[in-house]
Amino acid sequence: MGFFSRKNHFPVDGKTVLLTGGSQGMGRGLGKLLAQKGANVIIVARDVKKLQAALEYISAAAAKPKTQRFHCISADLTSAAENVRVLTEATAWNNGQMPEIVWANAGASHPALFLDTSIETMRQQMEVNYWAATYLAHATLKAWLYPSTKTSTSSSSSTTTSSAAAAGASSAKRPALPTRHFILTSSSIAFCNVAGYGAYGAAKAGLRSLADSLRSELNLYNGARRSSSTATGPPPAPYDVQIHAIYPGTILSPGHENEQKTKHAVTTLLEESDPRQSEDEVAGAAVRGLERGEYMVATNWLGQLMRVAAMQGSPRDNVVWDTVVGGVANLAWLFIGPDMEAKVWNWGKKNGMPKPTW
Amino acid sequence: MGSFISKNEFPVEGRTVLITGASKGLGLEAARQLAEKGASVIIVARGEDSLKKAIAYISKSARSPDIQRFHFISADVSTAPECVRVLTETIEWNGGSPPDIVWCCSGSAHPTLFIDTPLDQFQIMMDSNYFSCVYMAHTVLNAWLRPSTGLEQPESDFPQTARSIPPPARHIIFTGSFVSFYSFTGYTSYSPSKAAIRALSDSLSQEMNLYAAAHPTLPRVRVHTVFPATMPTQSLEDENRVKTDLTKSLEEGDQILQPDECARRAIRGLENGDELIPTSTIIRLVLTSVLGGSVRGGFWRGLANTLLGWVVMVVMIFIRWEMDTKVRNWGRKYGSSGMLKKE
């Protein structure tokens with residue numbers, strides 16, 4: 001994970017990736033990129049037509065079209081039960097093996113001033129951006145970390161694990177399968193919530209917090225895997241599990257177009273000089289960060305700066321960089337912060353009270 | 001009292017304060033101290049019995065018992081309709097005016113490992129911690145800022161003096177947590193709700209600039225979040241019953257603050273005009289390193305915070321590393337339940 005590391009910490013060739021929000025935008029970009037890198041890809045979204053169109057687009061990019069497989073599942077991920085169903089179907093399709101990589105990418109923003117946002121919309125923002133990812137994480141991690149329990153959706157891996165544990169293998173001899181990865185797509189708004197993104201920024205900040213504490217908790221399970229004592233409860237899974245979170249900025253996508261319908265002018269003003277990325281650019285940046293072994297992946301220079309300025313209790317990927325640049329970025333906030341406040345103030349002064357939209 | 005050095009940015013004498021989660025803990029102590037400072041107080045919680053006891057305790061501290069009034073409302077503020085009802089009843093009781101200050105203290109924590117947490121607990125925590133703030137803020141801000149709802153006092157009620165002193169600001173206060181900034185093992189289902197509150201506070205604070213500038217004669221709305229230290233309360237006892245031994249060991253040595261001291265520090269921060277208010281040293285230090293774009297109170301204070309933040313950022317590296325190592329070693333030694341083996 002240092003400056004000179006060239007190891008790919010996120011190999012996907014021959015692996016199966018379950019990707020939510022995969023029918024458009026960043027998700028579609030990710031699907032195509034993973035296909036190009038040799039992965040089998042299952043995309044999940046609600047709309048069947050969009051899914052099928054995306055599936056064709058993604059599978060056309062396959063590096064090895066004869067061996068790589070592609071699938072789509074239509075589901076509403078805001079329910080816990082649907083997430084379990086999706087995992088079960090994905091596993092069944094994947095020859096009884098759970099996907100090794102699960103990416104909770106589904107999300108959508110409905111930006112507007114707080115008082116112009118209905119309660120229903122605020123709850124819905126939490127549903128689509130936070131709960132969908134939390135339920136998927138809960139179902140996936142439960143099944144990955146306790147493969148020998150009944151809640152597992154994979155029958156064959158449980159047999160392997162139980163016999164390994166029964167043999168009383170010591171930690172040195174216990175076979176290790178490749179690391180499994182759970183990835184959350186958050187947003188750089190999580191580092192600094194601004195006027196007009198209230199409920200969305202709060203949900204994305206929630207995701208960041210979830211990632212930080214899950215990262216802490218996974219140490220427990222990964223440590224248990226190396227335990228030489230077999231009398232410590234259920235046998236651990238034969239692989240490490242790692243969690244990562246991506247923090248993109250502005251992405252030019254159908255989702256972005258949708259946002260513009262409700263976004264308040266002051267929010268647009270605050271964002272106007274932010275870098276914009278296409279779905280392919282943001283997917284490329286995200287995967288490159290994962291290949292470098294990063295835990296918190298920003299996809300452009302602005303996200304990078306915002307990230308290091310708001311490191312707080314998150315584990316550092318590159319200690320020196322995060323601290324030094326973070327220090328500089330914090331100094332920059334002394335000026336940027338008040339400047340943003342002034343922009344909002346002046347807008348209000350110029351335009352008067354926002355008209356109620358309800 | 002005419003100090004040139006520091007102005008009280010949170011005057012409460014003769015004003016009305018609505019506090020949720022005020023039948024115990026931090027909310028109760030905050031209510032009592034504000035009564036001491038001359039406020040009329042309405043407290044909200046679910047249990048009527050504890051509310052009755054609380055009101056008796058609070059009103060005893062009233063500075064001017066003949067003028068100050070006290071009231072309680074039994075409600076579950078984790079749903080939107082209840083928050084609307086609370087505000088409607090408050091306005092009625094308060095002579096047709098909305099309260100000047102709203103302080104949201106209600107909330108709960110269920111600190112078990114993520115995988116071991118029942119799914120309904122996730123929803124409960126998000127609703128009682130984050131959404132209760134959303135609902136209260138939505139209904140109160142509408143009353144304060146939307147004249148067309150008929151609940152707002154017409155501008156003519158705030159007479160323009162020759163010197164045009166703006167009316168005292170209104171305040172809405174949320175309750176965050178140390179885990180708003182730094183989440184770790186055991187708090188995975190709780191910390192997102194607290195991080196969400198901090199994020200909401202930041203964006204609302206920015207939005208209030210817009211309304212303030214548009215209507216300079218209306219009272220400004222200030223948005224704050226208080227970050228309490230660990231307090232020995234009933235809620236903590238409830239938490240500790242489900243908390244894993246691992247989490248307890250990670251928290252060993254945490255500064256514990258009595259709720260009344262915590263409330264005192266919170267009120268001091270409010271009087272100082274701070275937006276993000278720490279109540280313990282460790283929280284203050286962490287806060288300086290995470291401020292990012294959050295409002296910081298002027299250039300020189302901001303600079304001092306930034307310099308201190310640099311030091312803390314370095315320290316944080318070791319703290320996080322040490323904590324991760326502890327968790328890993330625990331797993332190696334005791335397995336993955338997070339609990340010490342019972343003989």
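A:His256 touches A:Thr250, A:Ile251 and A:Lys263, leaving aside residues up to four places away in sequence; contact means heavy atoms within 4.5 Å. The model is predicted: local features need pLDDT of at least 70, side-chain atom pairs count only at pLDDT 80 or more, and totals for chains, interfaces and linings use all residues. Residues are numbered from 1 along each chain as its sequence is written, chains are lettered from A and ligands numbered from 1 in the order in which they are written, and side-chain values use heavy atoms, with hydrogens and water left out.

A:His256 belongs to helix 7 of chain A, residues 254-259. Helices (H or I, at least four residues) and strands (E, at least two) are DSSP runs, numbered from the N terminus. With a relative accessible area of 12%, A:His256 is buried. Buried means under 20% relative accessible area, exposed over 50%, and partly exposed in between (1.4 Å probe, protein chains only). A:Asn95, at 62% relative accessibility, counts as exposed. A:Asn95 is in the loop between helix 3 (80-93) and strand 4 (101-104) of chain A. The phi of A:Asn95 is near 60°, a positive value in a residue other than glycine. Most residues other than glycine have a negative phi.

The contact between the chains involves 84 residues of chain A and 80 residues of chain B. About 7100 Å² is buried between chain A and chain B, and carbon and sulfur atoms give 65% of this area. Buried area is the accessible area (1.4 Å probe) that two parts lose on being put together, summed over both.

Two salt bridges are found across the interface of chain A and chain B, a salt bridge being a side-chain nitrogen of Lys or Arg within 4 Å of a carboxyl oxygen of Asp or Glu. A:Asp116 forms a salt bridge with B:Arg146, with the closest N and O atoms 2.7 Å apart. Helix 6 of chain A gives the largest share of the side of chain A that touches chain B, 19 residues. The residues on this side of chain A divide into 46 nonpolar, 25 polar and 13 charged. Ala, Val, Leu, Ile, Met, Phe, Trp, Tyr, Cys and Pro count as nonpolar, Asp, Glu, Lys and Arg as charged, and the others, Gly among them, as polar.

The predictor gives the complex an ipTM of 0.86 and a pTM of 0.87. Chain B averages a pLDDT of 85, and 87% of the residues score at least 70; pLDDT is the predictor's confidence in each residue, from 0 to 100.
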